[in-house]
Number of protein chains: 2
Amino acid sequence: MAPSDSDAIFSALADPTRRAILSLIGEHEELTAGEIAAHFDSLGRTAVSSHLRILRLAGLVAERRDGRFRHYSVTPTPADAVVAFLTSVYQNSLEQLASAVQGAATPEDVSGGRIEERSA
Amino acid sequence: MAPSDSDAIFSALADPTRRAILSLIGEHEELTAGEIAAHFDSLGRTAVSSHLRILRLAGLVAERRDGRFRHYSVTPTPADAVVAFLTSVYQNSLEQLASAVQGAATPEDVSGGRIEERSA
DNA sequence: TCTGTTTGTCAATACTTGCGCACACATGTT
DNA sequence: AACATGTGTGCGCAAGTATTGACAAACAGA
């Protein structure tokens, strides 16, 4: 089994703390490592830094260096690998998945909601 | 941080072998544990059984007992938690995600393919 | 019914990986 | 120089994984 990008992404998303960090960054435009660490009293700066490193290596966050600060932001198109996997597995129930994503994204732009039978 | 369903799902998806098992089941309607184990020469039946247990506890696969066989199938709506998380984080670039899912589902039924600017 | 075989899981054990912490270092500011 | 921001390193602890051996359940044949 060749290690692909999916490994890094799914491994990074496996940790609840990293998902919380990712959500936290997503709520704001950018956050410094210190600001992120401030939101997790039970975690030290070292731990947060390690998580950020993993998220960065997985391509889930981007780092912008500004003086002695490092601003972290969410990478625009990182979920492609996740979606690719989901689509390959859930071709059966892809209709629900598509509608769920669509509903959260553009609730009024759902036009052709009909899904044809899967090819597999 | 309260342990939710997301934990089990993301943890289950973190392992490449489990993702391979999930993909394998997705390619077929149903597969017995033995058939799944046969596809992984480097793994014993015990390991596959453990993985199936984790996938089942995460709600990603369903088990149908038929005599001494156990047929495993992909659960229809398990990706909701994943999609929910992605939508909460990637609201910015969510339309790309939606179109990606749509494209995989119904390549000719993609109507609103326009991508608006992200708020970031 | 009574073996014997197949299917699949459970239990216990070693191995590997990952997390969090304390310390030190590099970088940048004043 | 003194201080602040972040990260790299090494250590201890916990969690997860694969293997071996044994067990429960179901079927086939005599």
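A residue counts as near a molecule or strand if its C-beta atom, placed from the backbone, lies within 6 Å of it. The views below show a predicted model.

**View 1. Residues around DNA strand C.** DNA strand C is surrounded by 22 residues, and the closest of them are Gly67(A), Arg68(A), Thr32(B), Gly34(B) and Ser49(B). Two or more residues of this surface come from helix 4 (45–57) of chain A, and likewise from helix 3 (33–38), helix 4 (45–57) and strand 3 (69–74) of chain B. Helix 4 of chain B makes the largest contribution, 5 residues. Sorted by class, the surface near DNA strand C holds 5 nonpolar, 11 polar and 6 charged residues.

**View 2. Residues around DNA strand D.** Among the 22 residues around DNA strand D, those that come nearest are Thr32(A), Gly34(A), Ser49(A), Gly44(B) and Gly67(B). Here helix 4 of chain A gives the most, with 5 residues, and the surface near DNA strand D comprises 6 nonpolar, 10 polar and 6 charged residues.

**View 3. The sheet of chain A.** In chain A, 3 strands form an open, antiparallel sheet in the order 1-3-2. Strand 1 (31–32) and strand 2 (61–66) of chain A stand at the edges, and because each has a single partner strand, one side of each is left without a neighbour in the sheet. Strand 2 and strand 3 (residues 69–74) of chain A pair over 6 bridges in the antiparallel sense, and the bridge partner of Ala62(A) in strand 3 is Ser73(A).

**View 4. A helix across the sheet.** Helix 2 (residues 16–27) of chain A lies across strand 1, strand 2 and strand 3 of chain A, and runs at about 90° to strand 3.

Technical notes:
Residues are numbered from 1 along each chain as its sequence is written. Chains are lettered from A and ligands numbered from 1 in the order in which they are written. This is a predicted model: local features need pLDDT of at least 70, side-chain atom pairs count only at pLDDT 80 or more; totals for chains, interfaces and linings use all residues. Two strands pair if DSSP finds at least two bridges between them. Helices (H or I, at least four residues) and strands (E, at least two) are DSSP runs, numbered from the N terminus. Two residues are in contact if their C-beta atoms, placed from the backbone, lie within 7 Å. Axes are lines fitted to C-alpha atoms, for helices over the stretch in contact, and angles run from 0 to 180 degrees between N-to-C directions. Ala, Val, Leu, Ile, Met, Phe, Trp, Tyr, Cys and Pro count as nonpolar, Asp, Glu, Lys and Arg as charged, and the others, Gly among them, as polar.
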